Amino acid sequence: MEKIEHTTVTTNGIKMHVASLGSGPVILFLHGFPELWYTWRHQLLSLSSLGYRCVAPDLRGYGDTDAPPSADSYTVLHIVGDLVGLLDSLGVDKVFLVGHDWGAIIAWHFCQLRPDRVNALVNMSVAYRPRHPTVKPVDGMRALFGDEFYICRFQEPGEIEEDFAQIDTANLFKLILGSRNPRPPCIPKEVGFRGLPVPPLPSWLSEDDINYFASKFNHKGFTGALNYYRAWNLSWELTAPWSGVQIQVPVKFIVGDQDLTYHIPGVKEYINNGRFKQDVPFLQEVVVMEGVAHFINQEKPEEISKHIYDFIKKF
C-alpha cells in the first residue's frame, strides 16, 4: 500500500485527490457510496502488477477531494466533467473504465457522453437502466418502495446527516459495508440508522479498513456523498438530450446474487431477458457471482481483479 502515489489535480473548478500505481494502459476506477479511492486498494495492487496504470480518485464530495456545498453541483454532468478534466490533466486520451455502485452509474453516463475516451468498461452492481421519458429516478423509487426507502430518506438536506451523527462512524461503516440483506433498505425515521444492529466485521474487512473510511468521513462529513442522491432528479432533467443513446463501448457486467441492486423488481428480468443487451449492444459478458453481496470488489478482490484483467487484456 505504501507504493501507492497520492496526488492532487485541479479539474472542473475543484481540487481532486487521486491515488495511482503502476505504468502502462490506464484503468480509471470509480467508487460508490459511501466509499473512497480505498475501495479499490486490492485492484490497484493486483492490476498494476500486470502492466497497467491504475488511477482511483476520491470523487467530488468524498475524502480528500473538494466538496462544493450545493447539491446542484453533483449532477452526473459535473462528475463526468471532473473525470474528463482528470484525464486531460494526466495527459491520457482513453482509459479502461471500472465502476461500482454510484461509480457504475457515473460510468454508464461517462460512456454515453464521452465514448471517445473509453476503451472498454467493467461495471459492477448497478446495471444500466435507460432514462425513463416521464418518471424521475427518485420519484420512481418512492413509488416502488415508499418514503422510508433509503434513497428517499437521503433527500432532505441535513436530516440523514443528523441521524448518522448519532452513531459512531466506525459502527456506521460496519453496518453499511457488512450488510448482507438483499431486500430494499427501508429505514423508518423513528428507528434511523442509529437504531439498526451492528453486524460483526466480515472476514474481508479489517478494523484498519473501517477506521480509514471512518476517519475520512469524520473529517469530510457525509453531505457531499449524499448530494449525488439529492441531485439525481436534476441529472435526469439535464440528460434529456441523451435519451435513447446506447452504450457504444465493450462492456462486462458483474453483480453478486445477494446484492440489493439485483433484487430491485424488474432488474433480474432486464439483465436476463435480452433488454440489457439491446440498450448495451456491445455487452459481452454478464457475471452473477453466487453468495456475494453489494461490496463485491472488496468482498471478492482476487476474483474481481481477475474478471477485470481477463476482459480488458483483449483490447
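Visitor: What makes lysine 189 exposed?
Guide: In this predicted model, lysine 189 has a relative accessibility of 51%. The cut-off for exposed is over 50%, so lysine 189 counts as exposed.

Visitor: And why is the contact between glutamate 159 and lysine 189 called a salt bridge?
Guide: Their side chains come to 3.5 Å, N to O. The rule asks for a Lys or Arg nitrogen within 4 Å of an Asp or Glu carboxyl oxygen, so the pair qualifies. Glutamate 159 sits in helix H6 and lysine 189 in the loop between helix H7 and H8, so the bridge ties together parts that are 30 residues apart in sequence. Arg153 joins in as well: salt bridges with shared partners link Arg153, Glu159 and Lys189 into one network.

Visitor: Why is glutamate 159 called partly exposed?
Guide: Its relative accessible area is 25%. Buried would need under 20% and exposed over 50%, so glutamate 159 falls in between.

Visitor: What makes glutamate 237 partly exposed?
Guide: The value is 40%, which lies between the 20% and 50% cut-offs. Glutamate 237 also meets lysine 136 in a salt bridge, at 3.0 Å from N to O.

Visitor: How many salt bridges does the rule give?
Guide: The count comes to 17.

Note on methods
Residues are numbered from 1 along each chain as its sequence is written. This is a predicted model: local features need pLDDT of at least 70, side-chain atom pairs count only at pLDDT 80 or more; totals for chains, interfaces and linings use all residues. Side-chain values use heavy atoms; hydrogens and water are left out. Buried means under 20% relative accessible area, exposed over 50%, partly exposed in between (1.4 Å probe, protein chains only). Helices (H or I, at least four residues) and strands (E, at least two) are DSSP runs, numbered from the N terminus.
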